[in-house]
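Consider the chain shown below. The paragraphs after it go from one residue to the whole.

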Amino acid sequence: WLNLGAACLMGLLFAACGWPLAHIYGQPELQPLLTCLALVFPLGALGQQFRVLAEKALHFKPVAQNEMASALAGLGVAVLTAWLGWGVYAIVAGQLAGAALNAALAWLRLSDGLQPQAAFHWPLARPYLGFGLHRMGDGFWNTALTQADVFIAGLVAPPHAVAIYAVPREQ
């Protein structure tokens, strides 16, 4: 529950950053795009516990199969929606479909019959909070530092030039 709550909070923060980022980059159409994309955070968290438990039990094959299936499904949704004329929202649709399918497959294939209980015990979660915050902060700063050049390039170069620079770098 703590992971899901943190993911919802991160999604809200990401959505709230939509307007300032759209303003900074002079791209007003960026705000609704980022707001929609913020749903990836809670969707990804829905199956995270089952993925972690499967990896801990060294059941990597079903985890990898789920990730491959959800990546291919996300790609399929993105291509289909692009073909239907959704424009840049096709990318968002692909991301959301992939995250939703990955969570659903984690529940179906990795849960081993476990069902989350509607109970939260702060004393049991508290020892893990520091580690979780450290991991979340580390991931945030690592991403921010490795992508800083793209963020800065977006301030001084047109979008197509940033894409020409950033896309091959990600491959």
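Leaving aside its neighbours within four places in sequence, which residues is Thr81 in contact with? They are Trp86, Ala90 and Ala93, where contact means heavy atoms within 4.5 Å. Thr81 sits in helix H6; helices here are DSSP runs of H or I with at least four residues, strands are runs of E with at least two, and both are numbered from the N terminus. Thr81 counts as buried because its relative accessibility is 7%; buried means under 20% relative accessible area, exposed over 50%, and partly exposed in between, with a 1.4 Å probe and protein chains only.

This is a predicted model, in which local features need pLDDT of at least 70 and side-chain atom pairs count only at pLDDT 80 or more, while totals for chains, interfaces and linings use all residues. Residues are numbered from 1 along each chain as its sequence is written, and side-chain values use heavy atoms, with hydrogens and water left out.

Leu80 also belongs to helix H6. Its relative accessible area is 46%, so Leu80 is partly exposed. Leu80 is one of the residues of a nonpolar surface patch, together with Trp83, Leu84, Trp86, Val88, Tyr89 and Ile91. Patches take residues with over 30% relative accessible area and no salt bridge, joining nonpolar side chains (Val, Leu, Ile, Met, Phe, Trp, Tyr) within 5 Å and like charges within 9 Å. A salt bridge is a side-chain nitrogen of Lys or Arg within 4 Å of a carboxyl oxygen of Asp or Glu. At least two residues of the nonpolar patch come from each of helix H6 (60-83) and helix H7 (89-110).

Between H6 and H7 runs a loop that holds Gly87. Gly87 is partly exposed, because its relative accessible area is 47%. From Gly87 to Phe120 the sequence separation is 33 residues, and their C-alpha atoms are 42 Å apart in space.

Now the chain as a whole. It has nine helices and zero strands. Its C-alpha atoms fill a box of roughly 50 × 35 × 25 Å along the principal axes. Of the 171 residues, 22% are buried. Among contacts with a separation of 6 or more, 66% join residues 24 or more positions apart. The chain exposes about 11600 Å², and carbon and sulfur atoms supply 72% of that area.

Conventions
Accessible areas come from the Shrake-Rupley method with a 1.4 Å probe; for residues, only the protein chains shown count as cover.
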